[in-house]
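I opened a new page for this protein today. My plan was to start with the whole chain and then go down to single residues.

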Amino acid sequence: MSDRITQLRTDFDRELPAVTTDADATALRDRWVGRKSGLLTAEMKTLGKLSPEERKTAGAQLNELKGYVESAIESLQAGFAAKREAEQLVSERIDVTLPGRRLSGGHLHPITLLRQKIEDIFVSMGYEIEDGPEIETHFYNFDALNIPENHPARSPQDTFYITDQLALRSQTSTMQIHAMQKRRPPLRVAAPGRVFRRDTPDATHNPMFYQVEGLLVDRGITLGDLKGTVEEFVRRLFGPETRTRFRPSYFPFVEPGAEIDYTCFKCNGAGCRVCKGSGWIEMGGSGMVHPNVLRGVGIDPEEFTGFAFGLGLDRLCALMYGLDDIRLLYENDVRFLEQFR
Ligand code: FA5
């Protein structure tokens, strides 16, 4: 028996170097010490046939060989596990010197940034900021603004009607009426907000866009106050060297009325791509509040006079940021909007 056990150990030692994987090790274990068909298990079962003396010696030798086999396989398996772990450490290594991934936080829309800047200027000039309805009755949209029955602005081709009595406001001038109904002069109000017109979208037109309205009513207000205020406003917006000019124009709710231009903020009036070579940029409309408008809200035009001016934010925003199409402002393309963070 002793020779046989020595032979078994030699056989095992010969098989051991062929084991190169975990699966090989498991197979080797089953072959030698497996419960059912292990070589040593079978050998143990023959011990009963030996005399007590021989059984004691052979049993001890077999147990020693079994321990040897098991520990040889275990140390092989431990070696494989260590190798696997080392490989995993290399493949999953984290390079802490790589730049981190940028988290994209929210930020304000360019129109909002411009609106806030304009609101700050109005506030610094003593104006209150007021918000108002986007859906208006004919009274606020037209009648109170002295817009006659047959005026094209009332036509469904120009205005978005909701019912025959309600429409989306097409200008923030409606806020003149709300402001004067709420307060008695002297008053200074600025009203930014969205307006809606049935304009076909193109590089300078959108059916929805932003305007801001400025209104001042007091005793003895003249066209000179309007010009001085607008001049100060554009200087605070574009810089102290900015100049303005007024071109006579017609708006039913002011008399006299004027379009305002200001010297180009890019070339300072010399002429460039932004101002299309003219040196001037159109800002919006203005004028002295029409006596009919004042009367309509119960303010005596003999005692009080006032001025109003309104500008569009979208075109201004496009000019300031060098955009060649105002529709970009509403496409919600994150790659575009991210530039304004
Ligand atoms: C008005 O809307 C008058 N309420 C301005 C006013 C206020 C006059 C107070 C007198 C007293 P106008 O229709 O010109 O005026 O529009 C003013 C500005 O809105 C324009 O200069 C332009 O910048 C902008 N605008 C007009 N239509 C569009 C449009 N479809 N898309 C984008 N901006 C527009």
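**Entry 1: the whole chain**

I noted at the start that this is a predicted model. I looked up the secondary structure and found 11 helices and 9 strands. Is the protein compact or spread out? I read a radius of gyration of 44 Å, while the globule rule gives 20 Å for 341 residues. The protein is therefore more spread out than a compact globule. I then looked at the box that the C-alpha atoms fill, and it is roughly 140 × 50 × 35 Å along the principal axes.

**Entry 2: surface and contacts**

I looked up burial next, and 40% of the 341 residues count as buried. The accessible surface comes to about 19,200 Å². Carbon and sulfur atoms hold 52% of that surface. I also checked contacts between residues at least 6 apart in sequence. Of these, 66% join residues at least 24 apart.

**Entry 3: helix α5**

I turned to α5, which has 15 residues. From first C-alpha to last it reaches 21 Å, close to the 21 Å expected at 1.5 Å a residue. Which residues of α5 are buried? I listed Pro110, Ile111, Leu114, Ile118, Glu119, Ile121 and Phe122. After the helix comes Gly126, and its phi is positive, near 90 degrees.

**Entry 4: the nonpolar cores**

I went to the largest nonpolar core, which has 39 residues. Which of them touch the most other members? They are Ile118, Phe233, Met283, Phe309 and Leu311. Several elements give two or more residues to this core, including α5, β5, α8 and β9. The largest share comes from α8, with 6 residues.

Another core lies apart from the largest one and has 21 residues. Among them are Ala144, Val189, Val254 and Ala308.

**Entry 5: Asn141**

My last stop was Asn141, in helix α6 (residues 138–141). Is Asn141 buried or exposed? Its relative accessible area is 3%, and buried means under 20%, so Asn141 is buried. I looked for a polar partner of its side chain. The backbone oxygen of Ala167 lies 3.5 Å from a polar atom of that Asn141 side chain. I set aside neighbours within four places in sequence and listed the other contacts of Asn141. They are Glu136, Ile147, Ala167, Leu168, Arg169, Ser170 and Thr174.

Note on methods
Residues are numbered from 1 along each chain as its sequence is written. This is a predicted model: local features need pLDDT of at least 70, side-chain atom pairs count only at pLDDT 80 or more; totals for chains, interfaces and linings use all residues. Side-chain values use heavy atoms; hydrogens and water are left out. Helices (H or I, at least four residues) and strands (E, at least two) are DSSP runs, numbered from the N terminus. Buried means under 20% relative accessible area, exposed over 50%, partly exposed in between (1.4 Å probe, protein chains only). A polar contact is a pair of N or O atoms within 3.5 Å; within protein, one must be able to donate a hydrogen and the other to accept it, and residues adjacent in sequence count only if both atoms are side-chain atoms. Contact means heavy atoms within 4.5 Å. A nonpolar core is a set of buried Ala, Val, Leu, Ile, Met, Phe, Trp, Tyr and Cys residues joined through side-chain atoms within 4.5 Å. The radius of gyration is taken over C-alpha atoms; the globule rule is 2.2 Å times the number of residues to the power 0.38. Accessible areas come from the Shrake-Rupley method with a 1.4 Å probe; for residues, only the protein chains shown count as cover. The expected span of a helix is 1.5 Å times one less than its number of residues.
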